[in-house]
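Please look through the sequence and the model below.

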Amino acid sequence: MIVPDYYEFCCRVKLLAGHDALERMADVLAERGIKKPLIVTDKGVAGAGLIDIVSKALSVSLNAHLVADTVPPDSDLRVVNELAAFYRDEGCDAVIAVGGGSVMDTAKGINIIVSENAADLMAFSGVGALKRPLKPMVAVPTTAGTGSEVTQVAVIKDHERHLKMAFGSYFLLPDMAVLDSRMTLTVPPFITAMTGMDAISHAMEAYYCLQKNPLSDAHSLAALSLLYRNLPVVTETPGDREARLEMAVGACLAGIAFSNSMVGMVHNLGHATGSVCGVPHGLCMAIFLPYGLEYNMHKRGDIMGELLLPLAGEAEYRETPREQRAKKVVSLVRRMNSKLNELTGGRHARCLREVVDRDGVPMVPREVLPEIARAALLDGASVYNPEEADYDDNVMVLEAAWEGEPLDRGKVKGG
Amino acid sequence: MELVRDVQAGKKPFKRAYVGIFLWFTGKAVQAAARSDEQVKREFDALPDDFAFSMGCLPNGPWMVVGKEEGAVKYLGGNPEGRHQHLRLKIKNLEAAFLILTFQESTAMATVRNRIITDGELPHALAVMRVLDIVEVYLLPRRIAKLAVKRYPRWPLKRKLFGRFAVYTRTLLGF
Amino acid sequence: MNPESPISFTCLVKINSGDRALENLPMELSGFDAARPLIITGKDAADRKALRTLIRAFGDSGMTFGLFDGVTDTTDLAVIDVLKRTCLEKDYDAIIALGGAEIVDAAKVLNVSLSLKVPDARKISAETPIRGRLRPLMVVLTAGATGLETSSVSRFEGMVFRSEYLAPNLVVIDPRLADMGDGKRIAESGLAALGRLVEAHISTDKNPFRDAYSFTAIRLIAENLKDAVAGHGGKKAATAVGNGVAMSGCVFSNTGAFLLHKLGQVVYDVRRIHPGLTMSMAMLDVLDLYRRRDGHDLAALFHPLAGDEEFALSRPEDRVDGALSLLRRLIADVRDAMGKDTPRNLREAGVPWYMMEDVLERLEADPDGPYLRPLAERMWGEEPSHLKKGQPT
């Protein structure tokens, strides 16, 4: 087990998981003296009937709570300010974020304003600007993938001033993360598949990138054995409660791993492809993951090979010669993508040229690859990637990922 | 007798002086490299016209500030106060700065080991880290620089020899 | 994972481990808006040496801090009350505890009295409700740790305080303090952690979040303890053991006390023998007992003890025996490395029979008494015949 010369690890989040985790959340809130929490969510989550489940669970232990479902798909400072004012006017005393990344970010923004009595959120942006615990916040994720229920960052956009504010602090970690199988039961197969691959990419990149440490490693391995086994199951049988719960726990473990050891090239290229072409994040992760593994294999082959054990089990691990294990991991990731492609009737794209929008129009024309390669140079994940990746390297990887061809590893410039 | 006594933290004058000198030297070398090396020049060209960044130690310095003034990249001294900086690379303590400036840890590795707080926009931070990597390749013998950067570059002999000569002379003579 | 059993896990402790970890303390304090900590430590030689290292690490920070270096095993609530008043008078805004469990236990109770603004700290009891965040508490681990430093438990003056908020905000594991050339202390520390970890890892309520910690910690200790004790592994091995020890406290906060822990604790209370030593005497007997009880997953120990390759090669039905034999070898190796005079049982460790009677009496009062008593008797070295009556089979 590799203990780095120096590392830090922190996940100060109370984790509750189960088929009735929401009811237990309500009990814990009542024990902590919470009287009137504000549920923050978006119209999609509310429309799917999930807030009714949360409300019902809360009303067993608490007399009052409020619901605000106005969070837009992209976090917005205006909404944050409005909801913070609502929280204050109504005398709320905790935020419960039910949803995905934008909902979590919005809830964190609200919490900063109401806890710090802030007039301008900007004063608290950056790393380490928060100096004391905020008011109670609970995160209830509605997909199994992003891991945002255990991250210490938030991004809030000021659309009027065209600004993006980033916040980083351990005080932004939610007090509680609640993983309840009921919250993901209705997620459609296509979304289930790509968010699941997002989680798998978190676990894998956390394991082979530069900031790995013993605890992030253990979280990655535990995550992978749950995710890899259950992802095809929940894609094929969305109503499987046990598999849904194991996916939620796996995604949370992967979230803990990557928020403590960071991610690399897969996210780097994924963020860039997302911003240039609007491809959903999870799909980018699914497509780039085999390439991230191949690109870094000359430096981290042995470490990647260890991932075969949680993915394939003892027999396959034992029967695969050590030097073949990393390659086997890559082929299992590709096999998973193909399986998901099949289960989603082709919607889960296996390469960039297969990515299409609702009207069937390709989202990533080949000629934008240079633009994506340039955008990737501006992304911070590159710091944690084992091998350097300049513009030419990015283009090379993007070309292969566009075609869906394995990377020619002979062309990777070793350092 | 009092149960509790107050203790004043000590000083580390030697390490402080070393870090101060090497920050000055690095600042000067960045200025020199921006004039001699095409890639460093390109990195700075892509940054805003009034771009400035600082690098130094928490809580009490020392610091170095480098920025663009009338199109030229300049070492702007050791005082980060009173001037807007787009980016601050804040090393958490003097010992960590000593590790970095004795080249036992690269800027990237120090970031990986949570020793540096990056205050500013990421693209700016990445550009500055690329510049610092190039400067390290110029200033350090290959054996040491190889440890400090992820991928030791394959430069043509001309860039390596003349570049190193130019960066050294400009750094030391300050033009 | 058994989805029908509710899963809950909390670890409020951040871990900073490795080269120059101590030097980050001023920065960590400022993250909590604190600038004037009170350092609490003990008087023994190792604590003094560690204190000098810690003070040097604050060099150049410009900070002034308070220092109380008088924690002993007789430190009581009256001392805590004086410390509390001093903290308020002198505006100390955080606590740094340097050393083992006794020191950290005192620091935790002091933190309760300060944070809850108790008018008279002498009135604090285990019933005092601790329902909210306390002031910043940071623990600097030394080789003298027992593993409970990072837990949400504090034992003080015979009382047991429990609250997730008691756990420190930060634990620092610095190679300079993890290895101070005292193999015996590292051994005791690692064995105590191993005992509690093993019990948690096989426990009936499986929990993937807690298992990630226990898996890591068992593996770190299994891979490094022998070398760290023998002084072969240098600071790296000792730091790895320190990591395992710190994680064991986080695991313990999420399990509670099982048989081995209780044995270690009671013997410590009566005779001040390090729980690690006691646990090493009883560990295999206890595991044998668990093996005969339903629901304990002893096979789960094999993977972290043996590593990936051995695990993949093993047959599932051989893993329980494999794990037990690896543990037996590990304990034997560590005890060998500790030296020839390492006591094999409590009698050799200097526990006279009249004290043993006290131990047995205390164990009998425990709900697990029928199991604990015969275990303790075996640990003493021989079974006096008059004690054999009333044992469970």
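Two residues are in contact here when heavy atoms lie within 4.5 Å. Keep in mind that this is a predicted model.

## Where chain C meets chain A

By that rule, chain C puts 49 residues into its contact with chain A, and chain A puts in 46 residues. The size of an interface is often given as the accessible area lost when the parts come together. Between chain C and chain A, about 4100 Å² is buried. Carbon and sulfur atoms give 55% of that area.

Side chains of opposite charge can pair when their charged atoms come close. There are 8 salt bridges between chain C and chain A. One of them links C:Arg133 to A:Asp175, with the closest N and O atoms 2.5 Å apart. Which elements of chain C supply at least two residues each to the side that touches chain A? They are β1 (7-9), β2 (14-18), α1 (25-31), α7 (208-230), α8 (234-253) and α12 (308-313). Helix α7(C) gives the most, with 8 residues. By class, this side of chain C holds 22 nonpolar, 13 polar and 14 charged residues.

Strands of a sheet pair through backbone hydrogen bonds, either parallel or antiparallel. Such pairing reaches across chains here. Strand β1 of chain A (residues 6-9) is joined to β2(C) by 4 bridges, and the two strands run antiparallel. Look at A:Tyr6: its bridge partner in β2(C) is C:Gly18.

A salt bridge also ties C:Glu164 to A:Lys14, with the closest N and O atoms 3.0 Å apart. Why does this pair join two chains? C:Glu164 lies in the loop between β8 (159-162) and β9 (170-173) of chain C, while A:Lys14 lies in strand β2 (residues 14-18) of chain A, so the pair joins two chains. Over all chains, the search of the whole structure finds 75 salt bridges.

## Where chain B meets chain A

Now turn to chain B. Here 18 residues of chain B are in contact with 24 residues of chain A. The buried area is about 1900 Å², and carbon and sulfur atoms give 52% of it. Which residues of chain B lose the most area to chain A? They are B:Val112, B:Lys150 and B:Arg151, together 42% of what that side buries.

The rule finds 2 salt bridges across this interface. In one salt bridge, the side chains of A:Asp5 and B:Arg113 meet at 3.6 Å, N to O. On the side of chain B that touches chain A, α4 (107-112), β6 and α5 (122-139) give two or more residues. Helix α5(B) gives the most, with 6 residues. By class, this side of chain B has 7 nonpolar, 3 polar and 8 charged residues.

## The sheet of chain B

Chain B has an open sheet of 5 strands. Their order is β4-β3-β2-β5-β6, and the pairing is mixed. The edge strands are β4 (72-75) and β6 (116-120), each pairing on one side only. Neighbouring strands are turned by 15° against each other on average, direction ignored.

Helix α1 of chain B (residues 13-36) packs on this sheet. The helix touches β2, β3 and β4, and its direction makes about 165° with that of β4(B). Within the sheet, β2 (residues 52-57) and β3 (residues 63-69) of chain B run antiparallel, joined by 5 bridges. B:Ala52 stands opposite B:Gly67 in β3(B).

Most residues other than glycine have a negative phi, and most peptide bonds are trans. Chain B has exceptions. A cis peptide bond joins B:Leu58 and B:Pro59, with omega about -5°. Another cis peptide bond joins B:Gly61 and B:Pro62, with omega about 0°. Where do the two prolines sit? B:Pro59 is in the loop between β2 and β3 of chain B, and B:Pro62 is also in the loop between β2 and β3.

B:Phe103 has a positive phi, near 60°. This residue is found in the loop between α3 (94-101) and α4 of chain B.

Conventions: Residues numbered from 1 in each chain as written. Chains lettered and ligands numbered in written order. Predicted model: local features only at pLDDT ≥ 70, side-chain atom pairs only at ≥ 80, totals over all residues. Heavy atoms only, no water. Pairing = 2+ DSSP bridges. Axes fitted to C-alpha atoms, helices over the stretch in contact; angles between N-to-C directions. Buried area = accessible area lost by both parts, 1.4 Å probe. Salt bridge = Lys/Arg side-chain N within 4 Å of Asp/Glu carboxyl O. Nonpolar A, V, L, I, M, F, W, Y, C, P; charged D, E, K, R; others polar.
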